Amino acid sequence: MDTRLPDGARRYLVGGVVRDELLGLPARDRDWVVVGTTPESMQRAGFLPVGKDFPVFLHPETREEHALARTERKTAPGYKGFVFHADADVTIEQDLARRDLTINAMARDEDGSLIDPFDGQADIDARQLRHVSEAFVEDPVRLLRVAKFAARLEGFTVASDTRAVLEHMVDGGEIDALVPERVWQEMHDALRASRPGAFFEVLRDCGALKKLFPEVDRLFGVPQPEKWHPEIDTGVHTLMVLEQIARLTDAIEPRFAALAHDFGKGTTPRQHWPSHRGHEERGVKLIEAFCQRWRVPNDCRELAVLVSRWHTHVHKAFEIRPDTALKVIEAVGGFRHPGRFEQFLLACEADARGRTGLEDRDYPQAGRFRQALAAAAPVSAADVSSDLEGKAIGEAIRHQRLNAIKGVW
């Protein structure tokens with residue numbers, strides 16, 4: 001027992017840390033729920049109040065979060081329409097009952113005993129994502145969280161009864177109350193997970209993808225030339241590209257770019273299928289609209305636009321001329337932002353490998369562009385005539401860079 005707790009209070013380790021321990025995953029930050037006390041008693045014991053909507057405190061020594069056990073009641077649409085009740089009479093079981101999934105509705109007391117009123121451990125063993133109660137539908141963010149956990153937890157699938165609840169939430173319009181910041185936060189976390197494509201698969205299965213992310217949804221069923229894309233379906237290809245980018249980098253910018261790189265194919269007129277001429281530039285407008293709608297950070301938007309516009313040039317690295325290669329490097333900002341250029345090449349590599357049977361194929365096109373950048377990047381104003389001024393200096397530098405690329409191309 002933590003001696004800093006008020007007299008009569010008990011605390012329980014809750015949420016993700018309990019779930020991850022049972023899964024054998026690395027421990028995250030520990031969160032505690034405290035029962036049998038009041039906010040005033042917590043403050044007198046030295047805990048620091050930080051909660052805005054309900055009583056949450058920081059431990060005076062460890063700085064771990066301690067929230068008072070609470071229940072909640074739905075009072076208005078959306079994810080903010082709740083009234084919370086936190087008092088000394090709320091039990092740990094009542095607190096767990098308001099949580100989203102059974103695997104997140106477990107606790108451990110300070111003696112190590114597991115409190116599992118909703119059979120979360122059984123669902124962990126069965127690799128099932130299952131809702132705790134019918135109150136699940138009251139918070140639309142929970143739909144996104146289910147999809148996120150499918151992306152984060154290897155081998156987990158949505159239980160059939162929970163899938164029906166998700167469909168009900170979509171049909172009932174509850175997800176219409178989602179706000180951009182929360183949508184992006186959950187999508188961000190899913191894109192950073194080990195299986196980002198699973199997030200979009202779950203949303204598609206319940207009908208939410210079409211409402212939230214039509215740019216992604218409309219890719220499914222759109223064919224591509226089988227010669228280049230044995231998987232044919234553009235939506236399937238996009239999920240495969242997400243799988244590949246997750247193997248290459250943890251960075252969110254190229255992962256988002258991998259998601260968005262073929263948005264333009266979703267607007268190709270049917271009579272032109274399976275060809276998608278001009279999809280690169282069409283995709284730029286769709287990415288801009290997507291990012292504005294969901295308030296996607298500028299770094300993600302900028303890289304996604306660049307990948308959409310220029311990725312096919314990289315695929316043709318052994319066909320294009322040195323001056324075209326220089327044009328790509330300049331457009332992506334390789335001389336000023338070499339880190340971003342590397343992310344750009346990773347997204348292109350993921351695109352090339354995100355095809356059936358080609359997942360482990362080498363991608364020498366990226367190496368060719370890296371070599372070109374390495375040859376041209378050292379060229380500076382010191383390497384051109386001192387007699388030049390203004391615009392002529394830039395033109396001379398570009399000419400020298402082109403010569404450097406020709407030497408290795």
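This is a predicted model: local features need pLDDT of at least 70, side-chain atom pairs count only at pLDDT 80 or more; totals for chains, interfaces and linings use all residues.
Is C300 buried or exposed? C300 is buried, with a relative accessible area of 2%.

**Cysteines and disulfides**

- A disulfide is a covalent bond between the sulfur atoms of two cysteines.
- The count for this model comes to zero disulfides, with the cut-off for a sulfur pair set at within 2.5 Å.
- For C300, the closest cysteine sulfur belongs to C291 and lies 7.6 Å away, which is too far for a bond.
- For C348, the closest cysteine sulfur is the one in C300, and at 16 Å that pair is also too far apart for a bond.
- Like C300, which has a relative accessible area of 2%, C348 is buried, and its own value is 0%.

**A cis peptide bond**

- If you follow the backbone from W273 to P274, you will meet a cis peptide bond, with omega at about 0°.
- P274 sits in the loop that runs between α12 (252–260) and α13 (279–294).

- D119 is not a glycine, yet its phi is positive, at about 60°.
- You can find D119 in the loop between β9 (114–115) and α4 (120–126).
- I232 is another non-glycine residue with a positive phi, in this case near 65°.
- The loop that holds I232 lies between α10 (214–217) and α11 (234–248).
- I232 counts as partly exposed, because its relative accessibility is 32%, a value that falls between the 20% and 50% cut-offs.

Conventions:
Residues are numbered from 1 along each chain as its sequence is written. Side-chain values use heavy atoms; hydrogens and water are left out. Buried means under 20% relative accessible area, exposed over 50%, partly exposed in between (1.4 Å probe, protein chains only). Helices (H or I, at least four residues) and strands (E, at least two) are DSSP runs, numbered from the N terminus.
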